[in-house]
Structure formats: C-alpha cells, structure tokens
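Dear colleague,

Please find below the structure I promised to pass on, followed by my notes on it.

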Amino acid sequence: MTSTRARWPQGAACRSIDPEELFANAKTQNRAKALCTGCPVGTECLAEALDNRIEFGVWGGMTERERRQLLRRRPDVVSWRKVLEKARRGHARPQAS
C-alpha cells in the first residue's frame, strides 16, 4: 500500500504542466513560484526538497537558492516535514461551528 506521503504529487498544482517550467532559469523562476501559490500540497513538496537536499528546480514555492539559504540558516533541522507541518498547523484558522 502506498502511503499518503508518497502520493502527494498527485495533488500538486503543477502535475499537468511541462516539468521544464519548474526547472526554469533565474528570469522565469517567479512564474514557476507563482504556480505554487495556493497549491494544496506545497508543504509536502517543500519538505521533500529540503529533507532530500534536492538541488534544482522550484519546489513548494522556493527556488534552489532560497532553499540553500534556509538550510544554511537552520542546519539543526533533522526533519523539515515535521517543522513545516507544525508551522502549518499553527497557522491554520479555526473552523466556524
């Protein structure tokens, strides 16, 4: 059985675009990042890139340069997935009853 974590790409906003758009040069990276805005699996995507030290492409709305800077600032983080999920829960708005 495939875990939910392994299936996150199926819900990605970018799943139907040309992958080359996510591995864009510096001039067109903002367009790729904009695609990530509001993506339902952005947290999972970014965690995947950070936890696996993926060097190229836009993942979870961050460029490779932005991810390298984050990794340098927080070398103590063992699991970005846990950090990002905790942050997401902390920012979730309570639902109206």
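A salt bridge is taken here as a side-chain nitrogen of Lys or Arg within 4 Å of a carboxyl oxygen of Asp or Glu, and buried means under 20% relative accessible area, exposed over 50%, with a 1.4 Å probe and protein chains only. This is a predicted model, in which local features need pLDDT of at least 70 and side-chain atom pairs count only at pLDDT 80 or more, whereas totals for chains, interfaces and linings use all residues. Residues are numbered from 1 along each chain as its sequence is written, and side-chain values use heavy atoms, with hydrogens and water left out.

The protein has five helices and zero strands, assigned as DSSP runs (H or I, at least four residues, for helices; E, at least two, for strands) and numbered from the N terminus. Of its 97 residues, 32% are buried.

Arginine 67, which lies in helix α4 (residues 64-73), is buried yet has no salt bridge, the nearest side chain of opposite charge being that of glutamate 64, 4.7 Å away. Apart from neighbours within four places in sequence, arginine 67 is in contact (heavy atoms within 4.5 Å) with residues including Leu46, Leu50, Phe56, Trp59 and Met62.

In α5, the buried residues include Trp80, Arg81, Leu84 and Glu85. These four cover an arc of only 125 degrees around the axis, which puts them on the same side of α5, the arc being that of the directions from the helix axis to the C-beta atoms. Lys82, Lys86, Arg89 and Gly90 are exposed on the face of α5 turned away from its buried side.

Note on methods:
Lys and Arg count as positive and Asp and Glu as negative; His and the chain ends are not counted.
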